[in-house]
Amino acid sequence: MARSLPGFLALIVAVALICCSFAAAASTFQPISESHRSAALETFDRSYGSLEETYEALQTFDVLGVERKPDVGTAACQSVSQTLVSSSSTLKDIFYALKVNGVLKCEVDADSVEGIVSTLQTAVGSASSLLEFYHSIGGLVLVKNQALKDDLYLADAEGVFRSIKALSQSDGRWRYSSSNPESSTYAAGLALEALAGVISLSSSEIDQSLIGTTKNDILKLFERVEKYDDGAVYFDGEESDAHENQGPITSTWSVIRGITSFAAVTSGNLNLPGEKILGLAKFFLGVGIPGDAKDFFNQVDSLACLENNRVAIPLILSLPATVNSLTRKDTLKVKVSTVLGSDAPPLKIKLVRAKDTPAIESQELKFDSANKVHVLDTLEKSVDVGNYIFVFEIVFNDPEHKKAYAVESKTEVPIFLTGAVKVGNAKIAVLDSDLGSIETQNLDFAGENLVSLGANHLQKLKLRFQLTTPLGHPFKPHQAILKLTHESKVEHVFVVGNTGKQFEIVLDFLGLVEKFYYLSGKYEIQLTVGDAVMNSFFRVIGHLDLDLPEAPEKAPRPPVQPADVYSRYGPKAEIAHIFRAPEKRPPQELSLAFLGLTVLPLLGFIIGLLRLGVNLKNFPSAAAPAAFAALFHVGIGAVLLLYVFFWLKLDLFTTLKILGFLGVFLLFVGHRTLSHLASTSSKVKSA
């Protein structure tokens with residue numbers, strides 16, 4: 001219990017806020033916002049290693065309306081031009097080069113386009129795997145959509161359609177090739193997008209029975225969808241395939257691209273329930289902001305596909321604020337928009353009811369055209385502070401919009417209504433076991449007046465108070481805690497109980513002497529009351545002088561209090577130090593005499609050289625050997641000079657470092673010099 005109260009209070013408030021946030025996040029979804037735009041700049045703020053990564057970054061910026069750097073477009077267009085004219089470019093490289101070109105509108109040479117179209121058409125005719133169909137057909141669709149070539153069609157579109165359709169499975173999934181028995185939902189999305197490309201490139205109508213069969217495959221695929229409790233749906237990519245282990249985000253992205261592309265080029269509808277399309281939108285909005293660039297792109301691209309599609313456009317009901325104050329008379333605001341935040345068609349929003357609260361009646365919210373929100377000006381007067389779940393209903397002004405948009409029939413949103421909870425009838429008293437109250441004081445939570453009490457181990461401490469809401473109803477918070485802190489920092493925490501209309505706690509010190517470790521002295525009294533919907537507070541009530549008996553020999557000892565971690569950053573104690581007096585030195589004459597004795601060996605060495613008759617007859621005459629010999633003698637002189645500096649100035653470690661370099665240098669030049677002398681000597685002897 002030896003914890004600081006601010007930390008303990010912070011823990012209470014944090015837990016309450018986390019619970020509120022979790023409840024809100026579990027039931028409400030927000031469309032794409034500025035936080036996504038800021039995160040996009042951070043996630044894609046780097047040089048891109050491939051055209052695929054470049055396209056993902058550019059497409060994300062375009063969808064979110066983020067301004068990209070000018071130099072990115074220049075470098076990307078250069079890479080596009082090189083890829084389109086290179087004969088070694090793969091189908092995947094060409095596909096993403098055309099995707100980047102679709103975003104940047106680079107200048108593409110007409111001759112290179114002709115070559116690319118020929119390469120892609122040849123690849124379609126010889127394709128044997130789903131990825132080959134996907135990249136080659138997708139490339140041709142991009143050429144056609146970018147108007148790089150007129151009258152672009154597939155020669156045998158229906159035959160290509162049948163070749164891709166042959167890879168489908170009975171459960172709605174697709175295989176990557178006829179030789180690979182494994183199938184996945186990710187491959188299904190690629191196949192549907194490729195089939196949509198075949199239809200758009202066909203010069204004649206595709207057999208409607210093939211299209212009808214494909215629509216049935218889509219319905220079977222959606223039977224495999226996974227669902228969360230909040231209505232979000234996704235495709236699990238754990239079963240995967242032999243190529244890559246695709247996760248739920250990537251698999252769901254692939255299916256969304258596939259079904260929206262296929263619906264865009266076919267007549268009729270796919271008969272997909274609007275709740276599943278809305279569930280796909282909820283899944284990607286519920287992801288938040290992915291930390292991985294690939295997942296970030298998949299999220300944004302999926303929402304862009306759902307933003308405008310022929311299946312059903314999901315609309316999201318969101319609240320700018322799920323916490324409203326009754327004291328400030330806040331208005332409840334509700335907004336309906338698309339997944340990317342665009343305005344919804346004309347509609348009405350009705351507050352149907354509040355769960356488990358009959359006080360709130362059905363009413364229609366007013367539309368604020370200036371701020372594009374629906375507003376509930378005032379709540380019912382009988383609505384008090386607390387946690388509520390409001391049920392909203394969306395009603396279109398035009399009944400035809402029900403076919404084009406996907407909305408929830410009833411949307412449940414957690415709402416927190418807060419207010420100023422008043423503290424009343426607050427009293428603290430010291431009770432005697434026999435005589436009753438002997439000292440009672442009123443508590444003033446609005447002011448700064450502190451009470452001062454005294455008690456012994458035969459007495460009791462009683463605290464009581466009431467909490468009332470703005471409507472005068474008794475209020476029960478999440479936490480009501482009384483804490484007594486001894487002057488030695490030992491803390492004791494007690495939960496204040498609720499007796500119905502008031503809170504009350506009685507501390508019997510006779511039964512608490514061991515818990516208080518028999519510590520007499522001054523105790524600080526603190527009260528903490530916290531809840532998510534009230535003005536939580538922490539107050540120091542006053543002090544209690546407690547007189548407890550002496551501790552028995554075997555009584556428990558108070559715990560050692562942890563040191564303050566911030567004390568290490570405070571000023572340190574001043575260090576007083578007296579330096580030792582220097583040792584007595586010898587006379588100057590004696591020092592000079594010793595210096596002379598150390599120089600005598602050097603003089604003897606020089607005299608010895610003169611007596612021996614030193615000459616330079618063997619000094620090399622060739623340029624290179626002479627240079628090495630000269631450097632060797634210079635190195636010897638440098639070592640001698642280093643000894644002088646060591647004697648006068650340098651320390652041992654510095655001298656050894658320099659000597660190490662000089663030693664390596666002398667070893668090299670000395671070896672070359674001696675090698676030359678040995679070679680010269682052997683030649684003279686042989687002659």
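Visitor: What makes a set of residues the largest nonpolar core here, and which members touch the most others?
Guide: A nonpolar core is a set of buried Ala, Val, Leu, Ile, Met, Phe, Trp, Tyr and Cys residues joined through side-chain atoms within 4.5 Å. The largest such core has 100 residues, of which Ile 137, Ile 164, Trp 174 and Ile 259 touch the most other members. Its largest share, 11 residues, comes from helix α9 (residues 185-201). Apart from it lies another core, of 43 residues, including Leu 467, Phe 494, Phe 503 and Leu 512.

Visitor: What should be kept in mind about the model?
Guide: This is a predicted model, in which local features need pLDDT of at least 70 and side-chain atom pairs count only at pLDDT 80 or more, while totals for chains, interfaces and linings use all residues. Residues are numbered from 1 along each chain as its sequence is written, and side-chain values use heavy atoms, with hydrogens and water left out.

Visitor: Which residues does Ile 259 touch, not counting residues up to four places away in sequence?
Guide: Contact means heavy atoms within 4.5 Å. With residues up to four places away in sequence not counted, Ile 259 touches Leu 192, Ile 218, Phe 222, Leu 270, Leu 272, Ile 277 and Val 311.

Visitor: Why is Ser 318 called buried?
Guide: Buried means under 20% relative accessible area, exposed over 50%, and partly exposed in between (1.4 Å probe, protein chains only). Ser 318 has 4% relative accessibility, so it counts as buried. The residue belongs to strand β5 (residues 313-318). Beyond its neighbours within four places in sequence, Ser 318 is in contact with Phe 29, Gln 30, Pro 31, Val 334 and Lys 335.

Visitor: Why does Lys 105 count as exposed?
Guide: Lys 105 counts as exposed because its relative accessibility is 62%. Lys 105 is in the loop between α5 (91-104) and α6 (110-126). Its phi is positive, about 55°, although Lys 105 is not a glycine.

Visitor: Is Tyr 518 buried or exposed, and what is its phi?
Guide: Tyr 518 has a relative accessible area of 14%, so it is buried. Its phi is near 60°, a positive value in a residue other than glycine. Tyr 518 lies in the loop between α15 (509-512) and β23 (521-530).

Visitor: How do you know that His 486 is buried?
Guide: The relative accessible area of His 486 is 6%, so this residue is buried. His 486 is part of strand β19 (residues 479-486). Setting aside neighbours within four places in sequence, its contacts are Leu 519, Ser 520, Gly 521, Lys 522 and Tyr 523. His 486 and Ile 525 are 39 residues apart in sequence, and their C-alpha atoms are 9.3 Å apart.

Visitor: What radius of gyration does the protein have, and what would a compact globule of 687 residues have?
Guide: The radius of gyration is taken over C-alpha atoms, and the globule rule is 2.2 Å times the number of residues to the power 0.38. A compact globule of 687 residues would be near 26 Å, but the protein has 43 Å. Taken along the principal axes, the C-alpha atoms fill a box of roughly 125 × 105 × 50 Å.

Visitor: What percentage of the 687 residues is buried?
Guide: Buried residues make up 42% of the 687. Of the contacts with a separation of 6 or more, 68% join residues 24 or more positions apart.

Conventions
Helices (H or I, at least four residues) and strands (E, at least two) are DSSP runs, numbered from the N terminus.
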